[in-house]
Every structure is written in C-alpha cells, then in structure tokens.
Amino acid sequence: QSRQLALVAEGAMLGDAERAVRERPDVLVFDIGLPDAGAAGVQEFIKRGQNCKLVVLTSADDVASVSK
C-alpha cells in the first residue's frame, strides 16, 4: 500500500481496461498481451483519447510485434 498511489481497478481483458478508465485513473498499466487486445486493440484504445497516461507492457521480444 502507498499513501500516494491507489489501485482503483484491475482486470484481465480489454473490456476491464475500458471500465477502469471510467474511474478516472492518473495512470493505466496495460498488457498488450491481453487475450482480446493485441497491438490493434491498444491502438484503438489510445485513439479514443483516454484521459489518463497509458503504460503498455509486453513480454514479446521481437520488434515487429511491438513497433506499431
């Protein structure tokens, strides 16, 4: 726990991230490997102009998978 940070939501799917931004977080940590997301899902999520910082993580190690 932290006095400066609060977990406001968590999930395992892109839909969970969609619901999480309704809580108006300052930062959303997002795994590009979500079963229903992928690079295209992340790009669409960003294009919709979410009002929070987005940190995208991945375990992929090839440039082609993460450079879009």
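**Pocket lining and overall fold**

In this predicted model, β1 gives the largest share of the lining of the largest pocket, 5 residues.

Biologist: What makes a residue count as part of that lining?

Modeller: A lining residue has an atom within 4 Å of a pocket point. By that criterion 21 residues line the largest pocket, and the closest to its centre are Leu 7, Ala 9, Val 27, Leu 28 and Val 29.

Biologist: Which elements give two or more residues to the lining?

Modeller: They are α1 (14–20) and β1 (27–31). The space in this pocket is about 520 Å³.

Biologist: Why are 14 of the lining residues called nonpolar?

Modeller: Ala, Val and Leu are among the residue types that count as nonpolar, whereas Asp, Glu, Lys and Arg count as charged. Sorted in this way, the lining divides into 14 nonpolar, 2 polar and 5 charged residues.

Biologist: How do you know what share of the protein is buried?

Modeller: A residue is called buried if its relative accessible area is under 20%. Buried residues make up 21% of the 68 residues. The protein exposes about 5,400 Å², and carbon and sulfur atoms supply 49% of that area.

Biologist: What is the pattern of elements along the sequence?

Modeller: The pattern is α-β-α-β-α, with 3 helices and 2 strands.

Biologist: What share of the contacts between residues at least 6 apart joins residues at least 24 apart?

Modeller: A contact requires heavy atoms within 4.5 Å. Among the contacts between residues at least 6 apart in sequence, 55% join residues at least 24 apart.

How values were computed
Residues numbered from 1 in each chain as written. Predicted model: local features only at pLDDT ≥ 70, side-chain atom pairs only at ≥ 80, totals over all residues. Heavy atoms only, no water. Helix = DSSP H or I, 4+ residues; strand = E, 2+ residues; numbered from the N terminus. Buried < 20%, exposed > 50% of the residue type's maximum accessible area, 1.4 Å probe, protein only. Areas by Shrake-Rupley, 256 points an atom, 1.4 Å probe, with all protein chains shown as cover. 1 Å grid on protein atoms, 1.4 Å probe; cavity = no way out; pocket = protein on both sides within 12 Å on 5 of 7 lines; lining within 4 Å. Points joined across faces, edges and corners; volume = space filled by probe spheres on them.
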